[in-house]
Every structure is written in structure tokens, then in C-alpha cells.
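These are my notebook entries on a structure that I looked through piece by piece.

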Amino acid sequence: MSPMQWEPPSEPQDTLGQRLDAAARHLLPSFIALLAIIVLSAPLGLPGAAELLPPIMLGSVFFWSLWRPSDMPPLNVFFLGIFMDLIGFTPLGVSAFILLLVHGLASYTRFGLMRLNFLLVWGVFGLIGAAASVLQWALACLFRLHVLDPAPAFFEALLCIGIYPLLSAVSSWFLHILDGKPTS
Amino acid sequence: MLPVSIQVRQALGKLVLPALLLLSVGVMIAGQVEKRATEKARMAVAGALAPLWSMISQARAGVADVSNGIRQARHLSEENSRLEAENATLRRWYDVAVSLARENDALKTELHWVPEPSPSFVTGRVVADSGGIYARAVLLVAGMQSGIQTGNVALAANGLAGRVTEVGPHAARVLLITDISSRLPVMLESSHAPAIMAGDNSDTPRLLYYPQDTRPLEGERVVTGDQAGAFPAGIPVGTVHYTHPGTPVVQPFARLNQLTMLRVFDFRQAEIEPPEAPGHVPLSHPAHRPLALPFKTLLSPGQEG
């Protein structure tokens with residue numbers, strides 16, 4: 001009878017399916033954002049599809065960076081921004097830069113923001129969206145080397161503020177599904 | 001995974017965001033410098049996404065088709081119910097018409113009504129007529145052998161077309177009502193006022209000699225009158241239309257430019273002669289007026305000359 005060999009206590013390893021499932025859950029927000037970019041850039045004839053895209057991207061990046069930064073890592077944000085710039089006709093890198101700034105702001109202030117009321121979060125996002133619109137307008141002016149009409153930037157800021165509750169509701173539903181437990 | 005300590009990994013994780021921000025600024029500058037490469041990259045991405053976009057727009061077109069079909073189907077049911085209602089109304093009117101026709105028959109039987117002779121007619125194919133003395137005339141492949149006589153009336157499908165002026169053995173020439181030499185006595189249907197319809201080689205003959213106190217109304221129906229005895233009364237001719245104020249013209253019901261068939265009616269109007277009436281001074285035929293003194297006709301026929 002051979003002596004019992006000591007085996008180190010090992011934690012139960014995840015199976016391949018579980019790991020794939022986790023990876024899919026992590027990638028889902030970025031994938032949905034990617035899909036939103038593709039669908040909204042398609043020639044569908046939807047009214048205001050081109051104007052709707054930047055607010056939707058800002059809102060979803062803000063939401064996921066606030067509630068689940070691990071599902072919206074900076075690298076994904078960067079590639080989403082570059083993809084947006086390549087499909088749209090904004091100067092290359094501008095959207096990536098702005099989205100990364102929003103991501104950074106949201107993820108560094110998330111422990112303060114998560115305790116706040118929804119309305120206050122909405123207000124903070126409104127400020128961030130307005131700042132992002134102004135920054136985009138300023139960068140566009142810088143690259144074109146003359147002052148552009150600020151009306152589209154104003155419109156974009158208003159769209160940011162207007163679309164956030166809807167986006168937040170849909171994303172909260174997704175978060176709920178991903179977690180399998182209720183979220184605030 | 002590289003064997004790095006947790007502290008180093010956390011520090012690297014904190015560095016990712018600033019590094020990416022710097023990278024995006026670098027991309028901005030590079031994009032401004034290398035515009036051609038940027039355009040190429042944009043085109044490559046758009047080219048890769050084009051099949052996806054076409055799929056999306058095809059799906060959208062399919063959805064639009066389906067919704068269009070549903071809307072049309074709903075419209076179809078509305079149309080169907082409207083037609084059913086109209087059909088019910090028409091059925092009621094059909095019953096009314098049948099009962100009125102029966103009542104009319106019964107009343108005619110009661111009154112010992114003498115039926116009007118139904119006119120005989122022949123139908124012939126129209127051949128274009130470029131020759132002849134008339135500008136607006138057609139040649140009909142039906143002639144004397146078919147019983148056509150000079151002065152017969154030619155009708156198109158829905159209105160008066162003209163009258164027969166010359167008859168050959170196998171062909172007849174029909175003078176259309178638009179010819180410049182065509183003068184027809186007509187009657188305005190709503191006011192019963194007589195007028196003369198004169199052709200002028202245009203598509204719309206003019207109305208002349210209507211009473212000054214009853215002017216033709218726009219859209220009023222014009223039918224033939226029986227003043228000269230050339231036409232039976234009541235054949236539909238056309239409607240009144242004013243091209244200019246004060247110059248009424250008739251728009252014929254018959255499409256005189258595209259005649260293919262004509263029915264030629266023999267109304268035998270000329271044979272209806274009023275019977276001799278002693279004591280009656282005929283006014284309509286001054287040529288037949290006896291040259292003798294009027295009081296002679298007052299005498300009885302037996303005492304005459």
C-alpha cells in the first residue's frame with residue numbers, strides 16, 4: 001500500500017464553458033455599443049441617426065464606467081472611439097479622446113457618484129455631456145482652423161441630457177440580466 | 001501572464017488610461033498629418049462593413065414592405081365594406097327601377113300606347129379618309145348594299161358622330177360634326193333652348209344662335225334638336241364648355257379622333273309627314289304652302305276646284 005500522496009488543496013477550476021460565458025458577459029456592453037455604431041451609421045433613413053450616435057456612446061460609456069468599469073475597460077473605449085471616427089467623418093482620434101476622458105472621469109469618481117440619487121447622476125452626466133460637446137466642437141474648430149457654427153454642439157449636449165434616462169433604464173436592465181440580481 | 005507583483009500590476013493598470021489618452025492625441029495628430037492614410041483606413045472600414053449595412057437596409061426594406069402590405073390589407077377591408085354598402089344601395093335602386101319599369105309597362109298597356117318604331121341600324125368599320133371635300137370626314141366600310149342612305153345618322157359608342165353624306169355600293173362617307181361645313185340644330189338640355197352647333201375643323205364645335213336670355217351653362221348637356229327634321233331629338237352630342245367668356249363650345253362625347261366603329265341609324269325621320277288637316281295652315285314647310293288664297297282651304301275638300 002503506497003503512502004497517500006499529499007495533494008495541494010486546489011480551488012475548483014472553471015470549465016471552458018464557464019470561462020467563455022464570463023468573457024461574453026464582460027464583452028457584452030462593448031459589443032452592444034459596437035452594434036449601435038454600426039446600426040446607427042447604416043443608411044436606414046432614421047431621422048437624426050447621425051446626431052444620435054455621439055450622445056448614445058457618451059451615455060453608455062459613462063454608465064458602464066460608473067457601474068461596471070471591468071466590463072468597459074479603457075482599451076475597449078479607445079477602440080470604440082477609433083471605430084466611430086473611422087465610420088463617421090469626425091477627425092480621427094477625437095471621439096476616442098473624448099470617450100476616454102469621460103471614462104476616466106466616471107471611473108475615478110464612481111465611489112462618490114454611486115451613492116447619489118439618480119437625478120443627481122443625471123445632472124452630472126448632463127454637465128459631462130455638455131463639456132464633451134463643447135470639447136468636440138473646439139477640437140473640430142481647431143482642426144478646420146476656423147470657427148464653426150456652435151448650434152450642432154448645443155443640440156448634441158441637449159440630446160445627451162435627453163437620452164440618458166432611457167439609456168440608463170436599458171443598461172440597468174442589461175446589468176440586472178448580467179448579474180442575476182437586482183441593481184439600483 | 002508576466003510574473004509581476006501586484007503593486008506593479010496596479011501601477012500599470014493606472015497607467016493604461018493616460019497612455020491611451022496620449023495615444024489618441026497621437027492618432028489625432030497622425031490623422032491630420034497623414035490624411036491619405038486616414039482616408040484609406042476609412043474606406044477599408046466602410047468596405048468591410050458594406051455587406052452588413054446592405055443586409056440591414058434589406059431587412060429594413062423587408063419590414064417596410066410587410067408594413068405596407070398590412071396597411072394595404074387594412075385599406076382593402078375598408079374598401080370592401082364600402083363596396084358592400086354601395087352594392088346594397090344599388091340593389092335597392094335596382095328593385096326600384098324594376099318596379100318602375102313594370103309600372104311603366106302597365107300604364108302603357110292601359111293607355112293603348114303606340115310604340116315608337118325602333119330604328120334599324122348597321123355597324124361598320126371606320127377607315128381614315130384623307131380625300132374628299134371635307135376636312136373632317138370618315139369613310140365607313142358599309143354602303144348601299146347594307147341599307148345605308150344619305151342623311152342617316154352615325155353614332156359612336158357614346159354620342160353623335162356625324163351624318164352620312166355620300167353612299168357608294170360598299171362604302172359611305174360620314175361628315176363629322178366637327179367639320180367646318182357641319183351645321184346642326186341642337187338643344188340645350190336643361191333650358192330646352194335651341195341653338196346651332198357649327199363645326200370649325202377644331203375638336204370643339206361652337207354654339208351659335210342661342211337665345212340671348214338663356215345662355216348655355218358650363219357643363220350643360222347638349223342633345224340634338226328636331227327643328228329642321230334632319231335629326232330625331234334627344235341624341236346626346238356633348239357638354240358645353242367655355243374656352244373664352246362669351247364663346248361657348250361643345251365638347252363632343254364621341255372621341256372623334258379615335259373612331260373605330262360607327263353605328264349608322266335609319267330613323268326615317270323624313271318619311272313622317274303630318275296628315276292632311278283641313279283648316280290647318282302649315283307653318284313648317286312654306287314651300288308646300290298652296291299658292292291659292294287661304295280661304296279656299298277653308299272650304300271642304302269636296303268643294304275644292
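How many residues of chain A are in contact with chain B, and how many of chain B with chain A? I found that 21 residues of chain A are in contact with 21 residues of chain B, where two residues are in contact if their C-beta atoms, placed from the backbone, lie within 7 Å.

Before going on, I noted that this is a predicted model, in which local features need pLDDT of at least 70 and side-chain atom pairs count only at pLDDT 80 or more, while totals for chains, interfaces and linings use all residues. I also noted that residues are numbered from 1 along each chain as its sequence is written, and that chains are lettered from A and ligands numbered from 1 in the order in which they are written.

**Entry: the side of chain A that touches chain B**

I looked up which elements take part, and α1 (16–41), α3 (74–87) and α4 (94–108) of chain A each supply at least two residues of the side that touches chain B. Helices (H or I, at least four residues) and strands (E, at least two) are DSSP runs, numbered from the N terminus. The largest share of this side, 7 residues, comes from α3(A). By class, the side has 18 nonpolar, 3 polar and no charged residues; Ala, Val, Leu, Ile, Met, Phe, Trp, Tyr, Cys and Pro count as nonpolar, Asp, Glu, Lys and Arg as charged, and the others, Gly among them, as polar.

**Entry: α3(A) and α1(B)**

I then followed α3(A) to helix α1 (residues 6–33) of chain B, and their axes come within 10 Å and cross at roughly 15°. Axes are lines fitted to C-alpha atoms, for helices over the stretch in contact, and angles run from 0 to 180 degrees between N-to-C directions. That angle makes α3(A) roughly parallel to α1(B), since angles under 35 degrees count as roughly parallel, over 145 as roughly antiparallel, 65 to 115 as roughly perpendicular and the rest as oblique. The contact is made by P74(A), L75(A), F78(A), G81(A) and I82(A) of α3(A), and by V16(B), L17(B), L20(B), S24(B) and V27(B) of α1(B). I sorted these residues into 8 nonpolar, 2 polar and no charged.

**Entry: a pair within chain A**

Helix α2 (residues 49–67) and helix α7 (residues 151–179) of chain A pack at an angle of about 45°, with their axes 8 Å apart, and α2(A) and α7(A) are therefore oblique to each other. Among the residues making the contact are E51(A) and W67(A) of α2(A), and F155(A) and L175(A) of α7(A). By class, this contact has 14 nonpolar, 4 polar and 2 charged residues.

**Entry: a record for chain B**

For "transmembrane region", an unreviewed UniProt entry lists residues 15–33 of chain B; such annotations may be inferred rather than shown by experiment, feature names are shortened, and positions are given in the numbering used here. In the model, residues 15–33 of chain B are 100% helix and 0% strand, with the end C-alpha atoms 27 Å apart.

**Entry: confidence**

I checked pLDDT, the predictor's confidence in each residue, from 0 to 100. The mean pLDDT of chain A is 83, and 89% of its residues reach 70 or more. Chain B averages 82, with 86% of the residues scoring at least 70. Over residues 287–305 of chain B the pLDDT is below 50. For the complex, the predictor gives an ipTM of 0.77 and a pTM of 0.50.
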